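Hi! Here is the structure I promised to hand over, with my notes below it. Take a look at it before you read on.

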Amino acid sequence: MFIQLPLLILLLPLLGFILLIFFGKKLPRNGDWLASGLILLAFVFSLFLLVAKITSHSAEVFSSSFVWVVVGSLNIEFGMMIDNLSVIMLVVVTLVSTLVHLFSIGYMKDDVRYSRYYAYLGLFSFSMLGIVITNNLLLMYVFWELVGISSYLLIGHWYEKKSASNAASKAFIVNRIGDFGMFIGIMILFVSFSTFAFESIFESIAAGQLPFESTGWLTAAGILIFCGAVGKSAQFPLHVWLPDAMEGPTPVSALIHAATMVAAGVYLVARIFPMLTADALLIIAYIGAITALIAATIAITQFDIKKVLAYSTISQLGYMIMALGVGAYTAGFMHLVTHAAFKAGLFLGAGSVIYAMHKVLHARNDHHTDAQDIRNMGGLKSKMPYTYWTFLIFTLAISGIPLTSGFLSKDEILAGTLAFSTLNGHWLLPLIGFVVAGLTAFYMFRLLILTFHGKPSDQSTIAGIKESPLVMTIPLMVLAALSLFFFYSYNPFGATSGWFFAAVERPLSIVPELLQPASAALFYEAVSSVHTTAMILSIIIAVGGVVMALSVYQWKKISAEKMAEKAGILYRGASNKWYCDEIYDRTFVAGTFLLTRVMRWFDENIVDGIVNGAAVVTREFSRISKWTDDNVVDGLVNATANSADRAGSLLSKVQSGKVQTYLVYVIFSFLVLFILFIRI
Amino acid sequence: MEYSIMEWLSDPGLVHFLIVSAMLFSLGLMAVLSQRNVIMVLMGVELILNSANINFIAFSRFTELSLDGHMIALFVIIIAAAEAAVALAIVLNVYNRFKTINLDEISTMKG
């Protein structure tokens with residue numbers, strides 16, 4: 001059951017994709033019911049699998065594989081591995097996907113490529129589920145690229161818009177950079193161990209084998225595979241694609257760019273966690289921390305509702321990566337799950353707002369006002385009650401306010417970073433963690449207040465706003481329910497006692513002892529000693545952030561403009577996204593263009609020079625040849641012809657046309673011959 | 001041995017006939033080559049033919065070739081008659097085409 005059912009879950013969305021891509025337009029309602037039904041079925045199976053796995057087979061790992069490709073002595077296996085990590089991810093992916101399918105029925109209504117949209121959603125779900133259940137790195141890489149391409153297709157869904165097609169290309173190319181590193185990492189492991197399977201690789205390392213007999217290479221392999229996660233999970237310095245990816249339809253942003261695909265990087269790190277050395281983990285932790293801080297500061301300054309959420313996603317992904325890096329494995333993965341619920345909710349809520357705004361603007365034939373700019377919103381609270389209240393719950397959850405799921409996971413992460421710093425003195429990590437927690441609460445409430453509270457800038461727009469249809473609000477309510485604490489732990493102030501912590505245990509490190517991070521026992525001891533401190537601190541900071549946001553935007557005690565002015569260079573930097581895109585433009589993009597110009601110069605001058613030189617030589621040769629032909633050969637031929645001609649015209653004088661003259665010649669010749677013969 | 005001209009003249013032999021024949025031939029040849037009138041040329045041809053005939057007859061008479069020469073001479077006379085008919089027909093056609101029978105003016109085959 002634990003093998004067949006995941007396979008079935010994997011194939012259901014693929015079936016949907018195949019049916020819709022070929023027959024989508026012929027099906028009634030363009031086949032949205034088919035895609036939604038199939039993914040719903042997959043969700044039901046996943047849920048069943050989760051319950052069965054957690055309740056009765058929690059400690060077991062089911063795996064199965066068959067030989068897929070045989071090349072010489074190389075066997076590539078197609079295999080599955082079902083453990084608690086994968087079943088939880090199965091439920092997360094299928095649940096969010098189902099809700100997004102439902103939501104899209106409302107949001108994407110009357111879209112030109114409606115059936116194609118659902119087909120791509122199916123392709124994405126299939127690929128994502130593939131990442132989740134695979135048991136080897138190569139297959140994961142295959143599915144990794146498949147989610148990449150479906151992400152590309154969905155970001156560029158409205159490809160008539162130049163910005164959308166650019167964003168799609170950018171997402172794809174930036175991801176490729178990370179995937180390149182990941183592929184090198186996979187190849188290092190494969191060359192050393194001749195296998196792609198996680199289990200076999202871990203076994204070999206545990207048995208004391210190292211890639212190229214060196215611990216340095218083991219660290220390098222871990223970091224290189226992590227590069228894939230840097231790309232997919234939009235970690236610094238490859239985070240630039242995610243904000244641009246918001247050009248895609250909002251439900252897509254919810255599914256791919258908030259809940260599932262971007263979490264694949266976190267899932268990958270969790271999968272290879274046992275083989276990561278302490279050095280690799282430290283780098284991972286710092287990358288996560290830097291990402292979290294940078295993205296949070298940018299999020300404060302943005303005005304596009306989706307951009308704020310995008311930077312918030314990057315920031316939260318940084319949190320997860322940081323958690324895994326410091327060894328708070330369970331907390332990091334739990335944050336992935338809770339974040340998937342409330343961030344998907346936030347995006348769908350934003351989608352609901354954009355949908356309502358767009359409808360009003362469209363009815364007024366207003367194409368200049370930006371339907372996504374929060375400065376054009378305000379006061380939507382009473383117009384869109386369902387959206388507002390669910391949005392509030394999501395905001396509380398992401399801000400880490402107690403009684404929400406976000407509080408549980410974030411609290412554990414912060415405690416983890418604090419424990420990490422007590423163990424080996426990296427105090428910057430918990431500091432960044434707490435600062436980002438405060439910033440998160442601040443920018444999320446800023447977004448909430450500017451969108452739903454206060455007075456709208458343009459009363460006439462807001463007056464026409466209507467609540468979105470049920471098909472869009474029901475997913476919001478489901479996700480809002482899932483953002484509360486009791487789904488994850490009965491104790492609202494401690495996740496460790498819940499089923500989640502029991503089900504997902506930090507795996508044992510299998511790297512040589514000298515390179516191991518602090519052991520799980522040591523780490524959890526440190527966590528429990530700082531947990532209360534961390535919890536109190538995180539509540540104070542989160543509430544502080546909320547109060548700050550309220551006093552700036554709700555009560556207007558502090559002027560936002562003055563704050564921005566005081567922050568000076570910091571504000572300018574953050575509002576310009578720390579100039580990351582500009583720096584990349586100046587260095588990598590300009591560098592590439594420079595390289596192409598150099599290449600072009602080389603091509604035009606050196607290569608073309610050689611070719612042209614050869615052509616000139618050939619031409620000169622042919623000129624000489626022509627001269628010889630014209631003068632020598634033709635001369636000879638003409639001379640022959642001329643001499644024949646001259647001889648002919650000379651002899652033709654003999655031919656007078658007069659019969660009697662001829663006769664004279666005949667007779668004289670005869671006489672000559674006669675005399676000659678007689679002489680002889 | 002002395003052989004006076006009178007003796008030679010009074011005793012006709014092969015050489016006499018050959019001389020006559022040669023004279024006829026030369027006259028005919030002269031006519032063929034120098035006359036501009038096609039009719040005159042034809043007449044020259046007849047002379048040549050007859051000079052040949054005389055040769056045939058003479059050789060037939062003075063050598064051991066029996067009557068073959070006579071036979072050929074008769075053939076030549078018949079053929080000469082036919083030839084004259086054909087040649088006159090050609091001349092008539094030439095005249096119809098060129099409106100002249102002057103050989104100097106009929107020189108379209110000039111090289």
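A:Y579 sits in the loop that joins α23 (569-575) to α24 (580-652) of chain A; helices here are DSSP runs of H or I with at least four residues, numbered from the N terminus. Its phi is near 60°, which is positive although A:Y579 is not a glycine. A:Y579 is also exposed, with 12 other C-beta atoms within 10 Å (exposed means 12 or fewer such atoms within 10 Å, buried 20 or more, and partly exposed in between, with C-beta atoms placed from the backbone).

Before going further, please note that this is a predicted model, where local features need pLDDT of at least 70, side-chain atom pairs count only at pLDDT 80 or more, and totals for chains, interfaces and linings use all residues. Residues are numbered from 1 along each chain as its sequence is written, while chains are lettered from A and ligands numbered from 1 in the order in which they are written.

A:R29 has a positive phi too, near 55°. This residue lies in the loop between α1 (4-23) and α2 of chain A, and A:R29 is exposed, with 11 other C-beta atoms within 10 Å.

In the loop between α8 (215-232) and α9 (241-244) of chain A you will find A:P237. The peptide bond leading from A:F236 to A:P237 is cis, with omega near 5°.

Now to a helix. Of the 25 residues in α17(A), 21 are buried, so this helix is mostly covered. After α17(A) comes A:G454, with a positive phi near 65°.

Enjoy exploring!

Definitions and conventions
Helices (H or I, at least four residues) and strands (E, at least two) are DSSP runs, numbered from the N terminus.
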